[in-house]
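Have a look at the sequence and the fold below.

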Amino acid sequence: MSIIRLGLCVSGVYAMFLLWAIAQERLSVPFQSVDGQSAHKFKSALFIGTCQSFLSSLSALTYIWIRGKSGTPLPALLGLNMVMKRDNGTSDAKAAINGRTGNSHNASLSSNSYRNRLLLGYLQCSAFITLAAPFGFAALSYITYPTMVLGKSCKLVPVMLMNVLLYRRRFAPHKYLVVTMVTAGISVFMFFGDEKPSKGSNGTQSQSSYGQLLGVAYLLVNLILDGAVNSTQDEIFSRYKVSGQQMMFWINAFCTALSVTLGTLPLPHIPVLHPTAGAQSEFASAVTFVKEHPSIVLPLVQFSLTGALGQLFIFETLQHFGSLTLVTITLTRKMFTMILSVAIYNHKLTPGQWLGAAIVFAGISVEAWVKRKDIHAKRVLQEKEKAKIKSL
């Protein structure tokens with residue numbers, strides 16, 4: 001049964017996110033207007049993010065509802081039944097839930113405080129995601145999609161850098177080797193690249209080194225914010241007993257609320273975050289663009305739907321097979337995404353760029369191999385401990 005489940009998870013992640021990547025790249029290039037006289041780029045990352053987060057929260061809620069036991073209260077289904085993990089990893093059910101022990105007033109306060117902290121953690125993840133998406137979308141105006149995929153494979157670099165600079169933390173020697181290989185690989189990839197991003201509506205493109213540096217800077221901001229999301233999610237999983245689907249629902253629900261608020265307010269022009277000028281609602285501009293460029297509808301629906309379903313497979317894999325299996329699937333999926341992008345959109349990669357990509361994926365493979373070795377050693381140690389206990 002586990003082999004079948006793993007096969008379904010791998011197939012789901014591959015199918016959904018390869019289709020998602022195709023749609024994402026299509027959304028980054030100009031769309032033909034209804035009159036056929038001009039082509040323009042769609043600039044509203046908030047609108048795209050809202051479509052995906054809404055469908056993601058809806059799909060997570062549907063999954064939770066179908067998999068939940070009949071008669072279970074809605075707060076329990078959504079992970080708000082307040083079960084906290086102790087430091088030793090065991091669960092501690094709050095007295096506030098069943099009301100059998102302690103003062104009911106204090107139990108109610110404790111329950112509300114717990115719930116507020118959990119929801120605040122979800123909101124923090126959502127804020128980081130909402131801010132990160134526009135920077136990733138803006139980076140595609142200055143760098144090609146294969147460069148974007150390669151850069152997104154290297155979250156370890158900014159995460160380690162921030163930990164060393166801010167918290168003076170030390171890492172295992174192999175992690176510094178991985179960072180060195182990844183940095184060298186990206187440098188080689190960028191140095192040997194001669195392809196430019198697709199032209200915008202004005203027929204110009206940022207071909208200068210400054211333009212590429214700006215694109216890399218946007219990508220780096222995106223990676224740092226993604227790293228903040230990952231660390232916050234790890235903290236939530238370590239402190240609270242919630243499932244991946246419950247986290248998926250709340251984070252995407254908050255993302256939808258945040259992006260709808262930002263998208264409907266008549267904010268002034270803010271580079272990257274609010275590209276619409278003249279204190280105009282970004283969603284109003286986005287809807288007008290969709291009406292004038294109906295060819296955007298199909299990739300927009302494909303992007304949102306495959307992203308929502310792909311997240312379900314991601315969290316299902318994480319819950320049943322662990323982060324190492326997920327990292328391995330994600331790594332190989334990104335390699336295929338890059339190859340698929342080259343094949344479908346006819347990107348021209350030089351031999352030097354293929355070498356740079358190989359160095360990057362080799363570095364990430366070293367990280368995955370060491371993790372697998374460490375986990376295997378821990379499992380062997382646990383089996384020995386169990387054997388000793390049984391022999392007593």
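This is a predicted model: local features need pLDDT of at least 70, side-chain atom pairs count only at pLDDT 80 or more; totals for chains, interfaces and linings use all residues.

Start with helix H2, residues 45–67, and helix H11, residues 282–292, whose axes lie 9 Å apart. The angle between H2 and H11 is about 85°. Angles from 65 to 115 degrees count as roughly perpendicular, so that's the label H2 and H11 get. On the H2 side, the contact is made by Ala45, Leu46, Phe47 and Thr50. H11 brings Glu282, Phe283, Ala286, Val287 and Val290 to that contact. Sort the residues of this contact by type and you get seven nonpolar, one polar and one charged.

Now slide along to helix H9 (residues 209–239) and helix H10 (residues 244–264). Their axes come within 12 Å and cross at roughly 130°, which makes H9 oblique to H10. The crossing of H9 and H10 is right-handed. Gln233, Ile236 and Phe237 of H9 make the contact with Gly244, Met247 and Ile251 of H10.

Last stop: Gly352, which sits in helix H13, residues 351–391. Is Gly352 buried or exposed? Its relative accessibility is 13%, and because buried means under 20%, Gly352 counts as buried. What does Gly352 touch, leaving aside its neighbours within four places in sequence? Gly352 is in contact with Val188 and Phe192. Val188 is 164 residues from Gly352 along the chain, yet the C-alpha atoms of the two are separated by 6.7 Å.

How values were computed: Residues are numbered from 1 along each chain as its sequence is written. Side-chain values use heavy atoms; hydrogens and water are left out. Axes are lines fitted to C-alpha atoms, for helices over the stretch in contact, and angles run from 0 to 180 degrees between N-to-C directions. Helices (H or I, at least four residues) and strands (E, at least two) are DSSP runs, numbered from the N terminus. Angles under 35 degrees count as roughly parallel, over 145 as roughly antiparallel, 65 to 115 as roughly perpendicular and the rest as oblique. A crossing is left-handed if the near helix is turned anticlockwise from the far one by less than a right angle, and right-handed if clockwise. Contact means heavy atoms within 4.5 Å. Ala, Val, Leu, Ile, Met, Phe, Trp, Tyr, Cys and Pro count as nonpolar, Asp, Glu, Lys and Arg as charged, and the others, Gly among them, as polar. Buried means under 20% relative accessible area, exposed over 50%, partly exposed in between (1.4 Å probe, protein chains only).
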